[in-house]
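My entries follow in the order in which I went.

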Amino acid sequence: MSTEHQDQDMLPALAELAEAEFMFRYESEAPADVRDALGLATTRMGGGVVLSMRHDPTNYWSKALGFGFDEPVNGDLIRRVCDFYRAERTPAAVIQIAPDRLPADWDGICARENITAGGTWVKLAAEIETLRPGRTDLRVGPVTDDLVDQWASVVLRCFGMPEEHLGPMVAASVRDPRFHPYAAWDGHEMVAAANLFIHGPMGSLNTGATLPTHRGRGAQSALLTARAAAAAEAGCRWVTAETGRPEPGASNSSLNNLLRVGLTPLYERRNWVWQADRAS
């Protein structure tokens, strides 16, 4: 097998594990009072991570991912994942597994564990040197430590998430040295935010969001370019990102931005939704 083909075979593992690790750090590094208020619990299992937020105000943060690379996905692993959620009294969670890592008996596993198919995300990646530059008239640059709380506020407002508890959680995690938060400013006003997480040779481009007042001005394309340059400087060869697949006839601006600068889809990944209570 050629080196190029070997590199391509590595990409799904690198992309999935980078996402799993940045999500783990977002939640596991929350301050103790925030963990208590949100009912946060995190663990590593089967080569992936399992994250529970019992009092999640957004139905986003309870998820399990990164499976199928260190150990195969099978009924025993998924039972242990669901047992963790049952023990934590988690109302619902999303299980995210690269499609080629799902076992042949996945339908049976889902039936046993009360897992149903949800929406679909697109996983993308690219070699950094192949990316096209994005431009904006806004000022773009790294976020200094004194502005991290403001950065977290912009992120949560953009995504429509409450700042109580989630603000301190996000701010605490991005002070981890493997995170590199970036922002765009209109004058002195921070109007867009994005994050870079370094995981070996892969840079994860995550948490990109722009305030409604400043959308359509190229902020995210320029933030993608700035973070890719930072990833290259940190020794990364590739960058990866994930975003929702739009419904037929609809558009996802995040996906459009990623494609515009040169990231290419690796695959589409279904969200598998576990629920604590079976439908009556």
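Predicted model: local features only at pLDDT ≥ 70, side-chain atom pairs only at ≥ 80, totals over all residues.

**Entry 1: backbone angles**

I began with H165, which is in the loop between α5 (148-158) and α6 (166-173). Residues are numbered from 1 along each chain as its sequence is written, and side-chain values use heavy atoms, with hydrogens and water left out.

Most residues other than glycine have a negative phi. The phi of H165, however, is positive, near 70°. H165 is partly exposed, at 29% relative accessible area.

I then looked up N114, in the loop between α4 (106-113) and β5 (115-127). N114 also has a positive phi, near 60°. N114 counts as buried, at 15% relative accessibility.

**Entry 2: helix α7**

Helix α7 covers residues 219-233 and has 15 residues. From first C-alpha to last it reaches 21 Å, close to the expected 21 Å; the expected span is 1.5 Å times one less than the number of residues. Among the buried residues of α7 I listed L223, L224 and R227. Their cover includes β6 (139-142), β10 (238-244) and α8 (253-261). Just after α7, G235 takes a positive phi of about 100°.

**Entry 3: aromatic rings**

How many aromatic pairs does a search of the whole structure find? It finds nine. Rings of Phe, Tyr and Trp (its six-membered ring) pair if their centres lie within 6.5 Å; planes under 30 degrees apart are stacked, over 60 edge-to-face, and the rest tilted.

One of the pairs is Y26 with F179, tilted, at 5.1 Å centre to centre and 35° between the planes. Y26 lies in helix α1 (residues 3-28) and F179 in strand β7, so the pair ties together parts 153 residues apart in sequence. Y26 is buried at 3%, and F179 is buried at 4%.

F179 also pairs with F197: the centres are 4.9 Å apart and the planes at 45°, so this pair is tilted. F197 lies in strand β8, so the pair ties together parts 18 residues apart in sequence.

**Entry 4: salt bridges**

I found 22 salt bridges in the structure, each a side-chain nitrogen of Lys or Arg within 4 Å of a carboxyl oxygen of Asp or Glu.

D176 and R25 meet in one of them, at 2.7 Å, N to O. D176 is in the loop between α6 and β7 and R25 in helix α1, so the pair ties together parts 151 residues apart in sequence. D176 is buried at 8%, and R25 at 17%.

R79 and D76 meet at 2.5 Å, N to O. Being three residues apart in helix α3 (residues 75-88), they are separated by about one helical turn. R79 is partly exposed at 35%, as is D76 at 38%.

R175 and D145 meet at 2.8 Å, N to O.

Key: Helix = DSSP H or I, 4+ residues; strand = E, 2+ residues; numbered from the N terminus. Buried < 20%, exposed > 50% of the residue type's maximum accessible area, 1.4 Å probe, protein only. Contact = heavy atoms within 4.5 Å.
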